[in-house]
Amino acid sequence: MKSDPWGGRQPPAPAQTKPRVWPLAIRPFPAYSPAMTQHERLLIIDFGSQVTQLIARRLRELNVYCEIHPFNKVDDAFLQDFAPKAVIFSGGPSSVFAEGAPMPPASVFDLGVPILGICYGQQVMMHCLGGKVERGHGTAEFGRAFVTPTAAKTKLLDGWFATDREQVWMSHGDHVSKIAPGFEVYGTSPNAPFAITADTKRHFYAVQFHPEVHHTPNGAKFYENFVRIAGFTGDWTMGAYREQAIAAIRAQVGDKRVICGLSGGVDSSVAAVLIHEAIGDQLTCVFVDHGLLRQNEAEEVVKMFRDNYNIPLIHADESELFLGKLDGVSDPETKRKIIGGLFIDVFQKYANQIEGAEFLAQGTLYPDVIESVSFSGGPSVTIKSHHNVGGLPEKMGLKLVEPLRELFKDEVRALGRELGLPPSFIGRHPFPGPGLAIRCPGEITREKLEILKKADAVYIDQIRKHGLYDEIWQAFVAILPVRTVGVMGDGRTYDFACALRAVTSVDGMTADYYPFTHEFLGETATRIINEVQGINRVTYDITSKPPGTIEWE
Ligand code: XMP
């Protein structure tokens, strides 16, 4: 319906947030994934930039397989083993002058492959190769800037400078004051005379700005040129991935049995269908219904798996157990811990019934396993204790099958399409493990849950009718722990208030509220109040993340 929901405004730049915490799921990521060795590989050495993941996304969009590894894990042996066809140095918050400043191993420059340095990556490259970096002192640049070309030409800038300047996004305190021998300047900005530099003989490229963020509008072309220079053929496709993942699952599992915790979300559904394609009935799925699912959700999930895939599925209706234990509990962390603990117990109970199960399948994604660079050395603050079935393998002595470990969310959706999952399933908004419990601040009662389910169904129906569902990362209703006075007909009402939430996001780590029209909000409020008994007031939550979180608890 709406071609430009932002009304000309740019969505917010990625904010500085702590990495997402999935305490039970994190395990060390192998140096590289054995299943992927047939692909051409690009190595991203992470120096701690907040936007390193975006580099990987840009490259994956170009069908280039890449992995992010922290600088302190990349040594000579690693480089030999990984055998990259090209290397990218990410940006980072450090200064090359700082004691123990993050550096790549010197041997990276002897690999004979193209290297691209971004922001801090440029400074590191110049520092290592004989150039000079100076501290900010009035030359720091943050935000939008414009680069103009010099007379020199490089293939890296094919398709750039259609006008006399290109918009880029800068974020640097220090700057390069002298380029290393062999380098030339290809672009300058008012505060970065060496905005684009290259040694085209050795194929070393170094830029001060961030081509991976959307505020550098022509950034995708920039990466396309780099991977073309490096000779990538673009062999990373979902079709190829599907075949290799299936072969890898068969090789890993052999004739043993696998159990898979199904939530009905995209990740676990795609993992289950992929594994089923690989090993058929050696897979059994367990769908735990904790009574905190959305309206008709349990029936829809079970039907989808039984009708379309004939996958052996245990539908564990444990709603009485969960709701019983949550009775009278209002503290958000206590709720999460109760649900997380019960989930594991219940899953284990059903898994024990599957004889000979040696493997547990999980829909773990790449963003959950990328090791982030920590400069403070301390653990990140736990904002919310997320849960999944990640604690089970140790408890039950199960080995893990994680076929989506190398994929970003959009790639999981592409794989789901490749596997023929219904579009309605693939496009579903994420739904949290603790379900409606964290959308019901305060005590959870069955009455409140019923009201919440109905209001949520009306809201999502409205969003679908207006053609907005796919533009929104996540939308839901939260029922508030207050009753308010209203008037309906000639009578007084004293019912619950609710909050509508809808956000746009790339990965759930940062988010902005969705700019619905007033007409949409008015119509939706009217429908909810008319159709859902128990609600007499509707509000719209316009908090971004940060400072808010997406869920209410
Ligand atoms: P927050 O509320 O932390 O949510 O901004 C970010 C994203 O994570 C989802 N979420 C969870 N997902 N288990 C999950 O599987 C959890 O415990 C959990 N808590 C939040 C949330 O729905 C949003 O997509």
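In the predicted model, F47, F71, F89, F109, Y120 and F204 form one aromatic cluster. The total number of aromatic pairs comes to 22. A pair of aromatic rings is described by the distance of the centres and the angle of the planes.

One of these pairs joins F78 and F82, whose ring centres lie 5.6 Å apart with the planes at 15°; because this angle is under 30 degrees, the pair is stacked. Both residues belong to helix 2 (residues 76-82), where they are four residues apart, about one turn of the helix. F78 has a relative accessibility of 9% and therefore counts as buried, and F82 is likewise buried, at 0%.

A stacked arrangement is also found for W160 and F209, with 5.8 Å from centre to centre and 25° between the planes. This pair links distant parts of the chain, 49 residues apart: W160 is located in the loop between strand 6 (141-149) and strand 7 (166-172), and F209 in the loop between strand 11 (204-207) and helix 4 (219-229). W160 is buried, with a relative accessible area of 6%, and F209 is buried at 0%.

Aromatic rings are also approached by charged groups. The charged end of R165 sits over the ring of F146, 3.7 Å from its centre, while that of R439 sits over the ring of F476, at 3.8 Å from the ring centre.

S505 occupies the loop between strand 18 (491-504) and strand 19 (512-513). Its relative accessible area is 19%, which is under 20%, so S505 is classed as buried. A polar atom of the S505 side chain lies 2.7 Å from the backbone nitrogen of G508. Beyond its neighbours within four places in sequence, S505 is in contact with W473, T510 and A511.

Note on methods. Residues numbered from 1 in each chain as written. Predicted model: local features only at pLDDT ≥ 70, side-chain atom pairs only at ≥ 80, totals over all residues. Heavy atoms only, no water. Helix = DSSP H or I, 4+ residues; strand = E, 2+ residues; numbered from the N terminus. Buried < 20%, exposed > 50% of the residue type's maximum accessible area, 1.4 Å probe, protein only. Polar contact = N/O pair within 3.5 Å; in protein donor to acceptor, adjacent residues only side chain to side chain. Contact = heavy atoms within 4.5 Å. Phe/Tyr/Trp six-rings, centres within 6.5 Å; stacked < 30°, edge-to-face > 60°. Lys NZ or Arg CZ within 6 Å of the ring centre and 35° of its normal.
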